Amino acid sequence: MKSPIQLLKFTDDDNIIIPVLPAKVKAGGYGSFESPALDFPEDTIDLLKLLIKDKETVFFAFVTGDSLNGIGVFDGDILIIQKGMLPKENDVIIVFLDGEFYVKKYRPSFKENSSSLESITLKSENPEYSDLYISSNSDFTYWGRCTWNLHKL
């Protein structure tokens, strides 16, 4: 059975400096035309510094499947995963469960009147898929938190 995601390690030490349009790009509403001087942007952004906090603990993963379509994670997307970050409720996380990698939303359940973790639900965001339930008996490893999702338009 093919794993739902494929993990890749970041190894390039080069920076990726790209020009940034110095104007806001509107996704709605109306406004005046921007200055023709904007054809020559002077601002730049280091794409790696924006996307990657620690090159030693970051991984990329190609998504296969559509269980998270409801939150904009699609088959073929590239996820940026940061290891060493503790997940918070509703974070998109990568786990290793029963010999395979999965990407799901993190939903912890705590013991009553306690901060002790009782179980974890790995939530799908597509009604065609069931959630995964993790208990103390599960063969489960938390891998990392997804910090970015990259996909083509």
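1. Of the 153 residues of the protein, 29% count as buried, where buried means under 20% relative accessible area, exposed over 50% and partly exposed in between, with a 1.4 Å probe and protein chains only. This is a predicted model, in which local features need pLDDT of at least 70 and side-chain atom pairs count only at pLDDT 80 or more, while totals for chains, interfaces and linings use all residues. Residues are numbered from 1 along each chain as its sequence is written, and side-chain values use heavy atoms, with hydrogens and water left out.

2. The secondary structure consists of 1 helix and 10 strands. Along the sequence these elements follow the pattern β-β-β-α-β-β-β-β-β-β-β. Helices (H or I, at least four residues) and strands (E, at least two) are DSSP runs, numbered from the N terminus.

3. Strand β5 deserves attention. Of its 5 residues, 4 are buried, so β5 is largely enclosed by the rest of the structure. β5 pairs with β4 in the antiparallel sense over 5 bridges; two strands pair if DSSP finds at least two bridges between them. Within β5, I78 stands opposite F62. β5 is also joined to β10 by 5 bridges, and these two strands run antiparallel. Here I80 has W148 of β10 as its bridge partner.

4. Which elements build the largest nonpolar core? This core has 12 residues: F59, A61, V63, L68, V73, L79, I81, V92, I94, F101, V103 and C146. The elements that give two or more residues to it are β4 (58-63), β5, β6 and β7. β4 supplies the largest share, 3 residues. A nonpolar core is a set of buried Ala, Val, Leu, Ile, Met, Phe, Trp, Tyr and Cys residues joined through side-chain atoms within 4.5 Å. Apart from this core lies another, of 7 residues, including I93, V95, L122 and I134.

5. V73, one of the residues of the largest core, is in contact with V63, L68, L79 and N149, leaving aside its neighbours within four places in sequence. Contact means heavy atoms within 4.5 Å. Among contacts in the protein between residues at least 6 apart in sequence, 59% join residues at least 24 apart.

6. The structure holds 2 salt bridges, a salt bridge being a side-chain nitrogen of Lys or Arg within 4 Å of a carboxyl oxygen of Asp or Glu. In one of them, R145 pairs with D91, with the closest N and O atoms 3.8 Å apart. The two residues are 54 residues apart: R145 is in strand β10 (residues 140-150) and D91 in the loop between β5 (78-82) and β6 (92-97). Both R145 and D91 are buried.

7. A salt bridge also links E125 and K105 (3.6 Å, N to O). E125 lies in the loop between β8 (117-123) and β9 (132-134) and K105 in strand β7 (residues 100-110), so the pair ties together parts that are 20 residues apart in sequence. K105 counts as buried because its relative accessibility is 12%.

8. The accessible surface of the protein comes to about 10500 Å², of which 54% belongs to carbon and sulfur atoms; accessible areas come from the Shrake-Rupley method with a 1.4 Å probe, and for residues only the protein chains shown count as cover. L50, W148 and L150 make a nonpolar surface patch of about 230 Å². Patches are made of residues with over 30% relative accessible area and no salt bridge, like charges being joined within 9 Å and nonpolar side chains (Val, Leu, Ile, Met, Phe, Trp, Tyr) within 5 Å. L150 is found in strand β10.
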